[in-house]
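Let's take a walk through this model together, from its overall layout down to a few individual residues. Here it is.

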Amino acid sequence: MKTTHHWLREYCPHSLSPREVAERLTMAGLAVEEMRPVGDDWLFTIEVTSNRPDLLGTIGIARELSALTGTPLQLPSITLGEGDRRASNMVKVTVEDTALCPRYTARLISNVQVTPSPPWLAARLTVLGFRPVNNVVDVTNYVLLESGQPLHAFDYDRLAGGEIVVRRARPGESITTIDGRLRQLTPEMLVIADARRPVAVAGVMGGRETEVGAETRSVLLESAEFKGASVRRTSRALGVATDASYRFERGVNPVGVEWASRRAAALIAELAGGEVAGGLVDVWAAPPAPRRVRLRFSRLQRVLGVEIPPDEVRRILCGLEFAIEGESGGELLVAVPAFRADVSREIDLIEEVARIHGYERIPETTGITVAVGSVAKVERVCETIVRQMCAFGFHETVSHSFTTEALANLVSPWADQPPMRIRNPIRQDEALLRRSIMPDLLAHKAFNADRGEVCAELFELGAVYLPRPGEKLPREQRCLAILEEDGLLNLKGVVEALLATLSVLSSCRFEPLSDPFFRAGAAAWVNLGGERLGVLGEVAPAVAVRFGFRSAPCLAEINVDLLVAHADLNIRVRPLPIFPAVLRDLAVVVREDTTWAQVEECVRAAAGEHLSDLRFFDLYRGPQVPPGCKSLAFRLSFRAADRTLTNEEIDRAIAAVVAALQRQLQASLRGPETGVPSRDGDKA
Amino acid sequence: MVESRLQELRTAALAAIEQARTAEALEAVRIRYLGRRGLLREVTAALGTLPPEERRRLGALANSLKESLTAALEAARQRLAVPEPTRTETLDITLPGHRPPCGSIHPITRVMMEITDIFRRLGFETAFGPEVELEYYNFEALNIPVDHPSRDSFDTFYVGDEVLLRSHTSPVQIRVMEQRRPPVQVIVPGKCYRPDTVDARHMFMFHQVEGLMVGEHVTFADLKYVLHQFARAIFDPGVRMRFRPSFFPFTEPSAEVDISCFVCQGGGCSLCANSGWLEILGSGMVNPRVFEYVGYDPERYTGFAFGMGVERVAMLKYGISDIRLFTQNDLGFLRQFRATI
C-alpha cells in the first residue's frame with residue numbers, strides 16, 4: 001500500500017515529521033518498508049497484513065495516525081448535487097448470486113465530458129504508481145486509493161438493455177478485459193453482465209467493450225461488495241491480480257460501499273461535468289448487524305502481563321472509532337465499526353489496545369517457574385552421532401529432501417514402495433521424496449570432485465520418506481548415511497565404533513548383503529535382533545562410473561530410529577581388575593571360505609571361563625600359507641578375578657583352543673608352536 | 001670330573017649373570033667366566049690331556065656352555081641397557097605436524113544445537129513432528145482458512161489430496177497440544193518447504209525452530225522476556241530487541257521481532273538495509289481459536305508461540321550472504337564449521 005505524507009495530513013493534520021510517521025506506523029503494525037522524497041512530499045510504502053483491508057486506503061492509515069497522535073480524523077465533505085431523474089428508472093440491477101455479491105450499488109452520471117485529469121489528480125496517481133487514463137477512470141482509482149473501496153465505471157450507453165445482472169458466467173462465455181486479453185469464463189466465476197453478455201469479471205477486471213473512453217457520454221458507476229474467496233479463486237484461475245481483486249480478497253466494508261460511490265460521483269461531476277441522477281440503485285439485503293464485543297480489564301492484564309489504565313484503553317478504542325456502549329464490573333461493551341471485520345472477539349480488542357499502547361511499553365518480566373526439562377533419548381543419540389562422526393573426521397552435509405528419478409532408483413534399503421511424488425515441484429526432474437540419503441552423498445562427492453577435492457568423507461543425519469500402503473502420511477525414518485573413501489573395513493570400523501559408543505554393537509551381526517547398488521561380495525547388512533539396523537558396502541563399479549569416480553567409495557546407512565530404541569546411554573563402571581592378564585598370540589591357517597566369525601565363535605567356546613578378550617590383528621596370504629588358505633592372527637587375553645593364572649592353566653586353554661580349531665575348522669597353527677607372550681602392540 | 005665342573009660353572013655363571021645389576025658388574029662376570037683367563041678357559045685348557053674321543057665330547061659340551069652364557073649375557077646386557085645417549089639432531093619444528101582428520105558439523109545443525117541448548121536452559125523440551133503433513137495441521141487447525149489471503153505467505157508443495165510438505169513447523173504446536181495437557185513448554189526444530197524461486201535469500205527447503213509455551217499465567221511480558229534472553233545468548237549480551245505488531249493467523253496479539261544490528265549497532269549499514277534493525281522471528285500469544293481446535297479452555301490457559309528461520313540466524317551469525325551455500329555442501333564451506341561448542 002502506497003500513500004504520501006501530504007495526503008495523510010489532509011485527513012489527519014498531525015504535526016509529526018515524515019520520519020516520525022514511519023516510525024510510529026511501523027511500531028503500530030503498519031510496517032513502513034520504504035520512504036522516499038517525491039517533490040516536496042514523501043512517499044510511504046506500507047506493508048499491510050492480510051487481516052487489515054481497512055488499511056488499503058489512505059483514510060484507514062490516517063485513522064491509525066489519529067489514534068496514535070490524538071489528532072481527530074477529518075473526512076472529506078461530499079457535496080453531491082443530484083438531478084431530478086431517478087437512477088432507478090434508468091437502470092435495472094439484478095443480483096442473482098447474493099452469496100457472492102452481498103451488496104451492489106449503481107449510480108448514473110449523464111452528459112460527462114471525458115478528458116484528461118487535472119494536473120493535481122494525474123500527479124498524485126502517478127506518484128502512487130497509477131497511470132492516468134481520463135478524468136472518470138482516474139477518479140475511480142483515486143477513490144480506491146483513498147477509501148480502499150474498488151469502483152468501476154461502465155459506459156452506460158454500451159450496456160445492452162441499460163441493465164446490470166450479477167450472475168455466474170455461463171458455460172462457454174468469454175470476455176475481452178480492458179487489458180485486451182480474451183478470457184474464457186467458467187460457471188464458478190461471478191460476472192457483471194448486461195442484458196446480453198458479461199461486461200466485467202466481478203471484482204477482478206472490467207470489459208473492454210464497455211470501458212469509459214473519450215466517446216462516453218453517460219457513466220454507470222459500480223460500487224459493490226464481492227466475496228473474497230470467490231474473487232480469489234477467479235483471480236487465480238484467470239491468472240490476473242488487480243488492485244481491486246487484492247482488496248476484495250481481503251474483504252471490503254459493505255457500509256463503505258455507499259460512501260465511496262457518493263465520493264466518486266461528486267468528484268466525477270466536479271471534474272467531468274455531467275449530471276448525477278437522483279438516488280442510488282442499491283441491492284443489499286440488509287446492513288450487517290453491528291458487532292458488540294466485551295473487553296475485561298482483568299483479561300487484558302492476564303494476556304499482556306501489564307496493567308493498562310482504563311482511561312488509556314478507552315482513548316485507544318475511541319481513537320480507532322470503536323464505540324464504547326457500556327461499562328460495568330471491570331468490563332467494556334464495545335461496538336465494532338463496520339470497516340473492522342477482523343474484530344469479533346475480546347482478543348482482537350486486546351490486540352488493538354496493545355499495539356496502539358505500544359509493545360515497547362510492555363515490560364520484560366517473567367513469572368515462569370524454573371523447571372528442568374528432560375532431554376529426550378532421540379536428541380541425545382542424534383547429538384552423540386553428530387559429534388562422534390565429526391570427531392572421526394567426517395563432514396556433515398544437509399541435502400534437499402527432493403531427488404531425481406535417477407538418484408531415487410539407485411538404492412532403497414528400507415522400502416520397496418515407489419517414492420512419493422510432489423505434485424507441484426519447482427523442477428520437474430526433482431519431484432521425488434528420497435528413500436535413502438546415500439545417493440545424495442554420492443552427488444556431493446561428485447560435486448566436490450569437480451572442484452578438485454579428491455577425498456570427501458561425508459555424513460548426513462536426516463529423514464527418508466517411506467510410503468506406507470493405505471496411509472496418507474509416509475513413515476519418516478531418521479537415517480544416518482556415511483561416505484568413506486578408505487575401504488569397506490574402515491567404514492565398518494566407523495560403524496562399529498559408533499554402535500559401540502551407543503552400546504548396541506554387541507547385539508549386532510554383520511551379514512552378507514546382495515544389492516546391485518553395492519559391489520557383489522563387498523556389502524553387508526547389520527542384523528539387530530532380526531531387524532535391519534543398517535546396510536554398508538562398496539559402491540558397485542557401474543554406480544561409481546556414473547558419477548565419474550575413479551575408485552568406488554563405500555557407503556553406509558543406519559536406521560537411527562531403531563538405533564535410538566536400542567541404544568544405552570547410561571554408563572555403569574565395572575571394577576578394575578586386580579590380577580594381571582596373560583596375553584597369547586595365535587596364528588592359524590584356515591581355508592579361504594572360513595570366516596573370522598567362525599574362528600571367533602570356535603575360540604570363544606573352547607577357551608574356557610578365563611578368556612577375557614579376543615582380538616583379531618592380522619590377515620595374511622603369502623608364501624608360507626598354502627594356496628586356497630589364509631592365515632588369521634589374533635590375541636587372546638586371559639584373566640581371573642581372584643588370582644594370577646598359572647602358565648599351566650593358560651597352556652591348557654590354548655591347547656583346547658588349538659584342538660577345537662583343528663577339529664571344527666581344520667585349522668593348523670602357523671609360526672611359533674605355542675604363542676609366546678608378546679609385548680608389541682597390534683600389528684596392522 | 002670335567003663334566004661336573006662344566007655343570008657347576010653353568011649354574012654359577014647363570015646365577016651371577018642374573019644378579020648383575022649394572023653393565024660394569026655384568027662385564028666383570030663375563031671376564032670371570034669367559035675371559036681369556038676365565039674359568040671356562042681354565043677347564044678347556046685341561047682337555048688336551050684327555051683321549052681324543054672324550055676331548056671331542058667334552059669340547060662340544062664346553063662350546064655349548066659358552067654359547068648359552070654368551071646368549072644369557074647378551075640378554076642381560078639388553079635388560080640393563082642404559083638409555084641411548086641423548087639424541088642431538090635438531091627437529092625442524094616448522095615442519096607441519098601429523099594431524100588427525102578433523103570433521104565438521106553443518107552450520108544448520110550447529111545453530112539448531114545452539115538454539116536448542118539455550119531453550120533447554122530456559123526449561124523447554126524438544127518435540128518433533130512429520131515433514132509430510134496433513135493440510136489440517138498445516139492450515140486449518142492454525143486458523144488459516146481455505147481461500148483466504150493469509151495463505152498467500154504459505155505457498156505449499158502437495159504430495160497428495162490434503163497431504164503436503166509442511167510450510168512451517170507450527171503444525172507441531174497442534175500435534176503437541178493434542179497429546180499433552182498444559183503446562184506445555186516445547187521447541188520444535190525441523191525442515192520446512194515452500195515453492196519459492198531459488199535465489200540468494202530463498203530456498204525451497206529451509207529449517208525453522210518453533211517455540212510454544214502454554215500455562216495458566218503465560219503473558220506477553222513472558223514472551224518478551226524469553227525471546228530477549230534467547231537473543232542475548234545467541235547473538236550478543238548487549239543486543240537490543242524490538243517487538244512490532246504484526247499478523248499471524250495462529251497468534252494474537254502477534255509480533256515481528258527485530259534485534260539491533262550488530263554490524264552497525266543501529267547506525268545503519270547494508271546488512272540491516274540502513275534500518276538499524278534485523279528481523280529475526282515472528283511471535284505472539286496463542287490465538288484462542290487454536291486452543292479451541294485442540295480442546296484447551298481458552299479462558300483458563302494462555303500461551304505464546306514463536307518461530308524463527310535457522311538459515312536466517314546462521315547467515316547473521318556466520319556472515320553468510322547466500323542461502324544456497326547451505327545445501328551445496330562444498331567442502332571448502334563445510335570445513336569452516338569447526339567442532340567448537
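**From domains to details**

Chain A is split into domain 1 (2–69), domain 2 (82–284), domain 3 (291–360), domain 4 (377–566) and domain 5 (582–669), with bounds that come from an automatic or database domain assignment.

A quick word on ground rules. This is a predicted model, where local features need pLDDT of at least 70, side-chain atom pairs count only at pLDDT 80 or more, and totals for chains, interfaces and linings use all residues. Residues are numbered from 1 along each chain as its sequence is written, while chains are lettered from A and ligands numbered from 1 in the order in which they are written.

Now for where the chains meet. Chain A puts 75 residues into the contact and chain B 61 residues, a contact being two residues whose C-beta atoms, placed from the backbone, lie within 7 Å. On the side of chain A that touches chain B there are 35 nonpolar, 20 polar and 20 charged residues (Ala, Val, Leu, Ile, Met, Phe, Trp, Tyr, Cys and Pro are nonpolar, Asp, Glu, Lys and Arg charged, and the others, Gly among them, polar).

Setting aside residues up to four places away in sequence, B:P130 touches A:L473 and A:E476.

Finally, look at two helices of chain A: α11 (residues 310–319) and α12 (residues 346–357) pack with axes 9 Å apart, at an angle of about 100 degrees. Axes here are lines fitted to C-alpha atoms, for helices over the stretch in contact, and angles run from 0 to 180 degrees between N-to-C directions. So α11(A) and α12(A) are roughly perpendicular to each other, the label for 65 to 115 degrees (under 35 is roughly parallel, over 145 roughly antiparallel, the rest oblique). A:E312, A:V313, A:I316 and A:L317 in α11(A) meet A:E352, A:V353, A:I356 and A:H357 in α12(A).

Conventions:
Helices (H or I, at least four residues) and strands (E, at least two) are DSSP runs, numbered from the N terminus.
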